[in-house]
Amino acid sequence: MNSLEETARALVAEGKGILAADESDGTIKKRFDSIGVESTEENRRAYRELLFATSGAEDYISGVILFDETIRQSAEDGTPFPKLLESKGIIPGIKVDKGAKPLALSDGETITEGLDGLRARLDEYRELGARFAKWRATYSIDADKPSEYCVWTNAHALARYAALCQEAGLVPIVEPEVLQDGTHTLEQSSKATGRVLQAVYTELHDQRVDYRGTLLKPNMVLSGYDAADRAGAEEVAGATLECFNKHVPAAVPGIVFLSGGQSDEDATAHLNAMNALGPHPWELSFSYGRALQAPALKAWGGKPENVEAAQRAYYHRAKMNGAARTGMYAPEMETAGVA
Ligand code: 13P
């Protein structure tokens with residue numbers, strides 16, 4: 001096994017998953033606005049330190065995705081964040097895309113930017129301690145979306161990013177996110193997700209990316225958040241597995257789902273339902289942002305005296321998702337031992 005595959009497999013070790021703490025400046029501002037906290041560099045640092053320093057989280061968290069600012073920051077005692085994570089056996093990673101921008105001549109679709117100069121940036125991030133990277137493409141669903149144009153241009157960019165990562169010795173997390181906003185059905189979500197995955201694996205193969213040294217970070221197949229009759233956990237699990245079994249090569253070590261706009265408990269229940277139907281060709285894990293952080297962010301509220309309560313909330317969600325990795329989660333666990 002080469003080192004890329006070893007890192008990819010360590011990120012989906014049994015009972016563990018990834019914390020996405022790579023919110024861009026704009027996104028973290030939105031999160032802080034929701035709790036009435038100003039998004040200053042120091043507040044962002046203090047909040048990330050709270051998460052990274054949570055004692056015992058390493059039992060459920062294999063890796064953390066950082067943002068450019070965060071990978072350069074340190075804990076209060078001067079320990080650089082990548083070092084702090086490594087000291088707990090958590091693998092540091094880095095978001096390297098520069099965001100989804102309007103796709104030229106399209107009808108409101110997006111293309112993710114960030115390829116120019118990426119080779120040099122990857123070398124720097126590796127020096128700073130990163131061992132894996134993330135690039136997110138987004139697609140929306142409606143009658144004529146995602147278009148073939150959007151599907152293939154984003155697949156091409158994802159594969160260029162992934163090839164550069166492997167050349168630099170970083171595991172690429174390939175994140176094609178079909179947004180689940182709207183009123184679409186489970187079938188429409190499945191169809192769009194399948195088309196996107198098909199294009200992504202075609203481009204990854206054509207651009208010589210070794211699937212064994214990658215992870216996939218996709219959406220789950222869901223009914224639209226505003227759909228009238230939304231599918232329950234069993235249906236979501238069945239539809240997601242059906243779609244991924246058709247489109248994701250077995251050589252991929254793991255699928256680490258994003259949470260999207262799901263509630264934290266739904267994200268856990270859905271992952272659990274899928275793992276309860278295992279074994280599968282790949283590990284099924286999480287790389288959640290909101291679904292791991294929402295209760296912690298709320299409990300913190302920007303106040304130093306709330307750090308411990310926030311850490312307990314984060315630890316609890318990490319533990320619940322750790323249980324969902326093996327299909328051992330039950331909703332009753334939500335109330336047991338949170339205090
Ligand atoms: P969410 O789990 O909040 O969707 O965030 C995951 C992520 O990294 C999106 O790029």
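**Ground rules**

I number residues from 1 along each chain as its sequence is written, and my side-chain values use heavy atoms, with hydrogens and water left out. Since the model is predicted, local features need pLDDT of at least 70 and side-chain atom pairs count only at pLDDT 80 or more, while totals for chains, interfaces and linings use all residues.

**Entry 1: the largest pocket**

I began with the open spaces. A pocket here is an open set of points on a 1 Å grid over the protein atoms alone, with protein on both sides within 12 Å along at least five of seven lines; a cavity is a set where a 1.4 Å probe fits but cannot get out, and lining residues have an atom within 4 Å of a point. Grid points are joined across faces, edges and corners, and a volume is the space filled by probe spheres set on the points.

The largest pocket has a volume of about 830 Å³. I found 39 residues in its lining, and Thr27, Arg31, Lys95, Lys134 and Arg136 are the closest to its centre. The elements that give two or more residues to this lining are H2, helix H6 (118–127), strand S6 (132–139), strand S7 (171–178) and strand S10 (283–288). My helices (H or I, at least four residues) and strands (E, at least two) are DSSP runs, numbered from the N terminus.

By class, the lining of the largest pocket has eleven nonpolar, twelve polar and 16 charged residues. For these classes, Ala, Val, Leu, Ile, Met, Phe, Trp, Tyr, Cys and Pro count as nonpolar, Asp, Glu, Lys and Arg as charged, and the others, Gly among them, as polar.

**Entry 2: a look at Arg31**

Arg31 lies in helix H2 (residues 25–34). I noted it as partly exposed because its relative accessibility is 24%; buried means under 20% relative accessible area, exposed over 50%, and partly exposed in between, with a 1.4 Å probe and protein chains only. Which residues does Arg31 touch, not counting those up to four places away in sequence? They are Arg290 and Leu297, where contact means heavy atoms within 4.5 Å. Arg31 and Lys298 are 267 residues apart in sequence, yet their C-alpha atoms are 9.6 Å apart in space.

**Entry 3: the second largest pocket**

The second largest pocket holds about 230 Å³ of space. Its lining includes Glu42, Asn43, Arg45, Trp300, Lys303 and Val307. H3 gives the most to this lining, with six residues. I sorted the lining into five nonpolar, two polar and five charged residues.

**Entry 4: the cavity**

I found one cavity of 30 Å³ or more, and the largest cavity has about 30 Å³ of space. Its lining is made of Leu19, Leu51, Phe52, Ala57, Ile61, Val64, Leu85, Ile90 and Tyr314. Helix H3 (41–52) and strand S2 (61–66) are the elements that give two or more residues to this lining. The class count is nine nonpolar, no polar and no charged residues.

**Entry 5: the cores**

A nonpolar core is a set of buried Ala, Val, Leu, Ile, Met, Phe, Trp, Tyr and Cys residues joined through side-chain atoms within 4.5 Å. The largest core has 95 residues, and Phe52, Ile61 and Phe244 touch the most other members. Helix H7 (residues 148–168) supplies the largest share of this core, eleven residues. A second, separate core of 13 residues includes Leu11, Val12, Ile18 and Val171.

Phe52 also lines the cavity. Among the contacts of Phe52 beyond four places in sequence are Leu19, Val64, Phe81 and Leu85.

**Entry 6: backbone checks**

Most residues other than glycine have a negative phi, and most peptide bonds are trans. I therefore wrote down the exceptions that follow.

- A cis peptide bond joins Lys145 and Pro146, with omega about 0 degrees; Pro146 is in the loop between S6 and H7.
- Another cis peptide bond joins Gly278 and Pro279, with omega about 5 degrees; Pro279 is in the loop between helix H10 (264–276) and S10.
- Leu105 has a positive phi near 65 degrees and sits in the loop between strand S4 (100–102) and strand S5 (110–112). Leu105 is exposed, because its relative accessible area is 88%.
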